[in-house]
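Visitor: I'm new to this one. Can you put it up and walk me through it?

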Amino acid sequence: MSASEKSPRAPLSPLGDDEWPVSTEVLIMGGGPVGLSCAILLAQRGIDVLLVERRDFVFRFPRAHLLNPRTMEAFHDMRVADDIYAATPTHDRWRKAVWYTTATGPGRFDGLKIGEVPAWGGGPDAERYRASSPRAFANMPQLRLDPLIHRHALAAAPGRIRSRQEVVDIVQEADAAVVSVRDLESGVVRTVRAQYVIAADGGRDSAAMLGVEMEGPRDMREVVNYHVSMDLSAWSEPDALLGHFMHPAGGARRRGTIQALGPTHYNRDAEEWLVSVAAWMVEGDPDDEAALFASIRRMLGLAEDHEITMHSMTRWSYDALVAKSFRAGRVLLAGDAAHKHPPTGGLGLNSGIQDAQNLCWKLAAVLDGQAPDALLDSYEAERRPTVAWYTAHSLENANRHPPIAEALGFTDDEAEGFRSLEVFVSDTPEGDAMRARVAAEVGHNAHDYSQLGVEAGYHYWAGALVPDGTPVPGDPSDPVTFHATSRPGHHLPHVWLAGRDGVSVHDLIAQTGLTLLTSASSAPSWTAAVEAAGGRMPITVAAVADDDAGWAAARQIEGDGALLVRPDRKVAWRSPHLPKDPAGALAAALETVLRGGDAPADDPAEPYLRRIRAAADVLVR
Ligand SMILES: Cc1cc2nc3c(=O)[nH]c(=O)nc-3n(C[C@H](O)[C@H](O)[C@H](O)COP(=O)(O)OP(=O)(O)OC[C@H]3O[C@@H](n4cnc5c(N)ncnc54)[C@H](O)[C@@H]3O)c2cc1C
């Protein structure tokens, strides 16, 4: 039996441009990628949504760009993934991060390669990334991704995605949140009664409005981002999306990062680039375009008249913030509104989309009367420790860069840096030793670029799941190694199903209700158990052929056992075999899952919050 969609809802009816609802089931505050994704995920389930966005949906800045396989799974469910893959290259020519002195140039040490690591599932990582998910890593700057998601949101929730509307107040009442929305064109303030609100405002207003405290350091490092067009085809490096540059000239001030932005190539042939420099490293006034271009040319070793065209410039700061609470009454915080971290690791946008995926099926289940409101408390129990881990990890990634310059002997003393580079390129025992030290420091950045343990292995300690007492496989905070497991709270292992071309076991998981995954010969017994267990949450029984050896090796239960899987593909419960009373066992599991599980004795976020403080203490600002 294959998974079937059981939506009790009719599709959302369109809303006219001049119609304003006085009430809605879910009001979404903010139309960034997270708010728009929530709108799609809820509208697909027939939930009445209204998204209000302060801006005009003109997308100006490149911002985040890496979309890891778990995020692409969510985009697949939102029916957005195909458009992303169609618009971005899937080949391997961008899956590498490199370190150079400069890209090119006439100097003795210009264009010198310092090191490289495979990145984003490329090179030697390809096989283990492919084994973790049916969806591949993608790369699409937000400049192009956000309009694409926006287009899909407009289609999924016609008339309900409103721009130039600003949430100015939220009043919590017993049965609704009353949201005041100001029309930024007319100045008119309207109120909308929402059963729930998703605050996806990027952390701009909601925390203060709701009195939610954000834990962690702010404004740790100011970064200036320039979106430019320039020709870098003279760079000897043919296949890297991301280049880090460090050079002893100017007392090792020439450090910065460039990222290929396409639109047709994502390597040295890119037409557009994002140049990112810590504000303190900018030579001269960062707002003076001529001085700035001179500074970019020096960093990359380009000639003084090398043409550069500026598209945009933004300044932003490294924060490492985790909300103390992800829920304030009827308001749930998601994306940057709930957590903010440095871009090192590319987890900001990814974790926000994963928030949306975690939250929206739960909201739909509660609004459909299939689960009590308590299910929504599991959103914080699950996501807060995970994003605390992500925040600590991202900050630690930022700290892995300065040791490379240190291993190269770069200091404020320019002459010393040049002498050190002489050693680095020398055919001497000292040169060998230095190259080994530099290679080791570059290699530590695998934690940032080959981080499958973080990207695919995040799991939930507690929440809408039934722990089975088994230990977490491997080291739970190892960012690199991923252990596929069906342990409750972990992601359903991915296996291509035998004899079903291009169908993963992931594709059997229903987006509405829960899925009980078993083998074909046990499906009748489990179907009877589902019927006898009762309850309002629809459960699809999905079966894999008994002789599917790949699935038998991955499922970690007997053939007559079952996995209860949520729409976000997290395993909620596992029965290692068919119990004596399958209906009773299933009913007990459902009761725990739908009330959001039991709170753990200790806060699983706490160790990560400590790691954030420790990493912030040593961050070079
Ligand atoms: C300049 C910059 C560069 C970045 N670069 C990277 C990067 O290289 N890598 C990376 O991983 N991440 C990066 N990020 C972070 C990444 O862009 C975010 O993690 C991601 O956009 C979060 O999405 P979001 O939807 O939660 O928030 P946002 O994208 O910030 O969207 C929030 C939306 O809410 C709207 N809003 C705010 N207040 C209100 C209100 N009161 N009423 C209505 N609407 C409101 C805002 O206008 C905004 O459109 C960058 C962020 C910035 C600002």
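Visitor: At what angle do helix H16 and helix H18 cross?

Guide: The axes of H16 (residues 523–533) and H18 (residues 582–594) cross at roughly 55 degrees and come within 8 Å. Axes are lines fitted to C-alpha atoms, for helices over the stretch in contact, and angles run from 0 to 180 degrees between N-to-C directions. That makes H16 oblique to H18. Angles under 35 degrees count as roughly parallel, over 145 as roughly antiparallel, 65 to 115 as roughly perpendicular, and the rest as oblique. Helices are DSSP runs of H or I, at least four residues, numbered from the N terminus.

Visitor: Which residues make the contact?

Guide: On H16, Trp526, Ala529, Val530, Ala532 and Ala533. On H18, Pro582, Ala583, Leu586 and Ala587. Contact means heavy atoms within 4.5 Å. By class, that is nine nonpolar, no polar and no charged residues. Ala, Val, Leu, Ile, Met, Phe, Trp, Tyr, Cys and Pro count as nonpolar; Asp, Glu, Lys and Arg as charged; the others, Gly among them, as polar.

Visitor: Where do these models and numbers come from?

Guide: The model is predicted: local features need pLDDT of at least 70, side-chain atom pairs count only at pLDDT 80 or more, and totals for chains, interfaces and linings use all residues. Residues are numbered from 1 along each chain as its sequence is written, and side-chain values use heavy atoms, leaving out hydrogens and water.

Visitor: New topic. How do H12 and H13 pack?

Guide: H12 (residues 414–425) and H13 (residues 429–443) pack at about 100 degrees, with axes 6 Å apart. That makes H12 roughly perpendicular to H13. Ser420, Val423, Phe424 and Val425 in H12 meet Glu430, Gly431, Met434, Arg435 and Val438 in H13. The contact has five nonpolar, two polar and two charged residues.

Visitor: And H1 with H5, what angle there?

Guide: About 30 degrees, with axes 9 Å apart, for H1 (residues 33–43) and H5 (residues 142–156). H1 and H5 are therefore roughly parallel to each other.

Visitor: Zoom out. What are the domains?

Guide: The domain assignment gives domain 1 (23–61 + 142–217 + 320–381), domain 2 (91–134 + 222–317 + 402–444) and domain 3 (465–594). Such bounds come from an automatic or database assignment.

Visitor: How much do domain 1 and domain 3 bury between them?

Guide: About 990 Å², 52% of it on carbon and sulfur atoms. Buried area is the accessible area (1.4 Å probe) that two parts lose on being put together, summed over both. In domain 1, Arg45, Trp361 and Gln370 lose the most area to domain 3, together 55% of what that side buries.

Note on methods: Helix = DSSP H or I, 4+ residues; strand = E, 2+ residues; numbered from the N terminus.
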